[in-house]
Amino acid sequence: MNAVTALIPCYNAAAYLPNAIASVRAQTRPVDEIIVIDDCSTDGSAELATSLGVRVVSTDRNSGPSRSRNLGIEAARGDIVAFLDADDWWEPDHIEIVVGLLERFPEADVAFARVRRVGDWRGESAIFIPENQALDVFWTCVHDNIVPQMGVAVRRATLQSIGGYDETMRHAEDYDLWLRCARRHRFVCSHRLTANYRGHGQQASVNRLRLIRGAYDARHRMWQELARSEPPVADRMAADIRGTWKRLLTEAWFSRDRAYLEGALGFAALVPGSAPIERRWRWRTRLLWPVWRPALAVWDRVPAQTQHVLKRPALALLGIKRGPGRSNGRGSD
């Protein structure tokens, strides 16, 4: 049986940390060790973790979640590591399910389950791939971050082989990791809800545009690497990135938020072959935005059945092939 380490990066999370640690200790399949990685907290988080009887590793300066997780990976004794942010918590069967997947599917290196959003945000993480199958998920990962950070277990050797988290990234660092990992390794998932993701205003993911930009930065880096080593694959990835960006622009357009739209247009340098798409959207924004929001106010008063009939020709008139789809290019839940 594989040894399992639970890694809990922590920064000023004393209010939540006891609940996270308690959820690890309540697992139906016990973990072999719990490590809290304290990122120079000023609220006594490190002392609290020590008093709760877990191992504490501390950064030498506040460095962000990537450095914290990498320190945890280095310190872990387990063959498998499972990540839990200090403000989240697991259901009792989480380790049993995700580690069990890695043991049932030895050809897979990453296993994850779905998460429930609680607190300021509500809902459940999406289903992107079939469950209980070891799959090549690279192209799915190009479009979406399919792996919830608090819902995953990974073989430690795999993380070490790809260099761990990119410590230069402060946003979408988890998406960057899974994208790099998916290029060479198989993933397996369960559709069970086994973890809880607490939404609150102190989280980095509150800044939507920075998070999405981080995801496009990760895609752009991967595309550059493939352009040097595997040009045909890079060409396909460039087309997929453009498609994802167009869906993001469409979502931003329909959000009625001009700042969101301008921010999304600002990602053009990270999208290979973006120039003609950017020109069209800039033209559309300059000419049509002044009348777009008043037009939508009128549209809102149109009966739903009539909207359904008129939607396709209305989008065609605007030069938009379809409305916003599931993928919007975000890098994280």
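User: Contact means heavy atoms within 4.5 Å. On that basis, which residues does E96 touch, not counting residues up to four places away in sequence?
Analyst: The model is predicted, and E96 sits in helix α4, residues 94-104. Leaving aside residues up to four places away in sequence, the residues that E96 touches are T28 and R29.

User: Is E96 buried, partly exposed or exposed?
Analyst: Buried requires a relative accessible area under 20%, and exposed requires one over 50%. E96 has 44% relative accessibility, so it counts as partly exposed.

User: What distance separates the C-alpha atoms of E96 and R312?
Analyst: Along the chain, E96 and R312 are 216 residues apart.

User: Is Q27 buried or exposed?
Analyst: Q27 lies in the loop between α1 (17-25) and β2. Its contacts, not counting residues up to four places away in sequence, are W90, E91, P92, D93, H94 and I95. The cut-off for buried is under 20% relative accessible area. Q27 has 6% relative accessibility and therefore counts as buried.

User: Which elements do the buried residues of α3 pack against?
Analyst: Helix α3 covers residues 65-75, and eight of its eleven residues are buried. Those eight are S66, S68, R69, N70, L71, G72, I73 and A75. They pack against β1 (4-10), β2 (33-38), β3 (55-58), β4 (80-83), α6 (156-161) and α7 (173-182).

User: How far apart in space are A259 and L209, C-alpha to C-alpha?
Analyst: A259 belongs to helix α10, residues 258-265. It counts as exposed because its relative accessibility is 54%. A259 and L209 are 50 residues apart in sequence, and their C-alpha separation in space is 9.6 Å.

User: What is the phi of N12?
Analyst: N12 is in the loop between β1 and α1, and it counts as partly exposed because its relative accessibility is 26%. Most residues other than glycine have a negative phi. N12 is not a glycine, yet its phi is positive, at about 50°.

User: And what is the phi of R256?
Analyst: R256 is found in the loop between α9 (231-255) and α10. With a relative accessible area of 28%, R256 is partly exposed. Although R256 is a residue other than glycine, its phi is positive, near 70°.

User: What radius of gyration does the protein chain have?
Analyst: The chain has twelve helices and nine strands, and its C-alpha trace spans about 65 × 45 × 40 Å along the principal axes. For 333 residues, a compact globule would have a radius of gyration near 20 Å. The value for the protein chain agrees with this, at 21 Å.

User: What share of the contacts with a separation of 6 or more comes from residues 24 or more positions apart?
Analyst: Buried residues make up 54% of the 333 residues in the protein chain. Of the contacts with a separation of 6 or more, the share from residues 24 or more positions apart is 76%.

User: How far apart do the centres of the positive and negative side chains lie?
Analyst: The protein chain exposes about 15000 Å², of which carbon and sulfur atoms supply 51%. It has 46 positive and 39 negative side chains, and the centres of the two sets are separated by 9 Å.

Technical notes:
Residues numbered from 1 in each chain as written. Predicted model: local features only at pLDDT ≥ 70, side-chain atom pairs only at ≥ 80, totals over all residues. Heavy atoms only, no water. Helix = DSSP H or I, 4+ residues; strand = E, 2+ residues; numbered from the N terminus. Rg over C-alpha atoms; globule rule 2.2 N^0.38 Å. Buried < 20%, exposed > 50% of the residue type's maximum accessible area, 1.4 Å probe, protein only. Areas by Shrake-Rupley, 256 points an atom, 1.4 Å probe, with all protein chains shown as cover. Lys, Arg positive; Asp, Glu negative; His and termini not counted. Charge placed at Lys NZ, Arg CZ, Asp CG, Glu CD.
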